[in-house]
Amino acid sequence: MVELGCGGGHNLAHLTTQGARCIGIDHDPAKIHLARACYGHLPRLHFRNGDAARCLGDVPPGSVDVCLSIFGAFSFTTPGPLLAAVATALRPGGQLLIVLRADAHHDYITVLTRR
Ligand SMILES: C[S@@+](CC[C@H](N)C(=O)[O-])C[C@H]1O[C@@H](n2cnc3c(N)ncnc32)[C@H](O)[C@@H]1O
């Protein structure tokens, strides 16, 4: 599982305790520093500092089960290049989950499955 814009890594810290092997990507070095300080000891969780689309390019194609953007990179980035990187990284049947804030009381959750 890869989180695109993982911030301080809290989402993945929870998910890795459920058995997932996780990579968190964030382009803010301070966020990655915080994530590593808080959760660097967890064995199945790793963090990368850099742009989400670029870092996804370092992951073996077709190797990722799930990509997450929870108020993350898809909230801030031109989606085309990131979507292309996600399509390459996901295995067939893998899923992209995007959570976007609609307003103070509502969020949108979109789930796309790679063919
Ligand atoms: C609102 S925070 C959400 C953090 C985390 N997903 C959470 O739910 O706590 C958005 C994060 O996305 C990161 N971000 C935005 N665009 C990015 C990009 N293109 N590549 C990597 N990280 C990005 C920001 O640095 C920030 O840490």
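User: Which residues are buried in helix 2?
Analyst: This is a predicted model, in which local features need pLDDT of at least 70, side-chain atom pairs count only at pLDDT 80 or more, and totals for chains, interfaces and linings use all residues. Residues are numbered from 1 along each chain as its sequence is written. In helix 2 (residues 29-39), the buried residues are Ile32, Ala35 and Tyr39. A residue is buried if 20 or more other C-beta atoms lie within 10 Å of its own, exposed if 12 or fewer, and partly exposed in between, with C-beta atoms placed from the backbone. Helices (H or I, at least four residues) and strands (E, at least two) are DSSP runs, numbered from the N terminus.

User: Why do the buried residues line one face of the helix?
Analyst: Seen down the axis of helix 2, they fall within an arc of 60 degrees, so they line one face. The arc is that of the directions from the helix axis to the C-beta atoms.

User: What is exposed on the other side of helix 2?
Analyst: Pro29, Ala30 and Ala37 are exposed there.

User: Changing topic, where is phenylalanine 71 found?
Analyst: Phenylalanine 71 lies in the loop between strand 4 (64-70) and helix 4 (79-89). Its phi is near 50 degrees, a positive value in a residue other than glycine. Most residues other than glycine have a negative phi.

User: How many other C-beta atoms lie within 10 Å of phenylalanine 71?
Analyst: There are 15, so phenylalanine 71 is partly exposed.
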